[in-house]
Amino acid sequence: MLLFDMSLARRAFLGAAITVAGLGLTGCQVQPLYGKAGITENLATVGISEAKNRPGQVVRNELIFLLAGGAGEPENPVYQLELNVTSSNTNYLSQISSNLPQPGRVTLTAAYVLTRDGIVIKKGSQRMDAQLDYTSQQFAQIRAIRDAEDRAARELAAVLKMDIATALSK
């Protein structure tokens, strides 16, 4: 009812405004990361260097799974990813004087270089933190650190996958 009561000039102005807004949106360059053909196939052809430590191995295993969709390592990799993962942990209060848990953090840092036929495609680093509670029990503390490293490694692998996919989509 309201649309029919508007004057002709108002309706024309509203139509023009909608048309201009629609034309403005046609210039948007937002597109899905996996929208281009061949991105998932390219991800499956990335070979990853051997790990030097346990957190690096967890990141490597998770990254192989994510890149290949569970198919494992490629037999003949087209791209090579040199990956170096380091781990550090911090106890915020730096002393455990009671049976109460103390807050802490594990940080994994991954430095990587993605190459194809010796030519560097992408070089960078990513960092991921995971929180944990330190206790006065040594075994529980070791397990808490390992669990935090595993959580950080899974998140770090997901971020690295996005970096690699972005580099390969260009």
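Predicted model: local features only at pLDDT ≥ 70, side-chain atom pairs only at ≥ 80, totals over all residues.
Trainee: Among contacts between residues at least 6 apart in sequence, what share joins residues at least 24 apart?
Mentor: A contact here requires heavy atoms within 4.5 Å. Among the contacts in the protein between residues at least 6 apart in sequence, the share that joins residues at least 24 apart is 65%.

Trainee: What percentage of the residues in the protein is buried?
Mentor: The accessible surface of the protein comes to about 10900 Å², and carbon and sulfur atoms hold 56% of that area. For a residue, the cut-off for buried is under 20% relative accessible area. Of the 170 residues in the protein, the buried part is 29%.

Trainee: Are helices H4 and H5 parallel or oblique to each other?
Mentor: Two packed helices are described by the angle and the distance between their axes. The axes of H4 (residues 54-68) and H5 (residues 138-169) come within 8 Å and cross at roughly 45°. H4 passes H5 in a right-handed crossing. With that angle, the two helices are therefore oblique.

Trainee: Is Leu132 buried or exposed?
Mentor: Leu132 lies in strand E4. Leaving aside neighbours within four places in sequence, Leu132 is in contact with residues including Pro103, Val106, Ala144, Ile145 and Ala148. Because its relative accessibility is 7%, Leu132 counts as buried.

Trainee: How far apart in space are Leu132 and Asn89, C-alpha to C-alpha?
Mentor: In sequence, Leu132 and Asn89 are 43 residues apart. C-alpha to C-alpha, their separation in space is 9.5 Å.

Trainee: What does Thr109 count as at 29% relative accessibility?
Mentor: Thr109 is placed in strand E3 (residues 102-116). Not counting residues up to four places away in sequence, Thr109 touches Asn84, Val85, Thr86, Gln126 and Arg127. Gln126 is 17 residues away from Thr109 in sequence and 5.8 Å away in space, C-alpha to C-alpha. At 29% relative accessibility, Thr109 counts as partly exposed.

Trainee: Which residue other than glycine has a positive phi near 55°?
Mentor: Most residues other than glycine have a negative phi. The residue in question sits in the loop between E3 and strand E4 (119-134), and at 71% relative accessibility this residue counts as exposed. The residue with phi near 55° is Asp117.

Definitions and conventions
Residues numbered from 1 in each chain as written. Heavy atoms only, no water. Buried < 20%, exposed > 50% of the residue type's maximum accessible area, 1.4 Å probe, protein only. Areas by Shrake-Rupley, 256 points an atom, 1.4 Å probe, with all protein chains shown as cover. Axes fitted to C-alpha atoms, helices over the stretch in contact; angles between N-to-C directions. Helix = DSSP H or I, 4+ residues; strand = E, 2+ residues; numbered from the N terminus. Parallel < 35°, antiparallel > 145°, perpendicular 65-115°, else oblique. Left-handed = near helix turned anticlockwise from the far one by under 90°.
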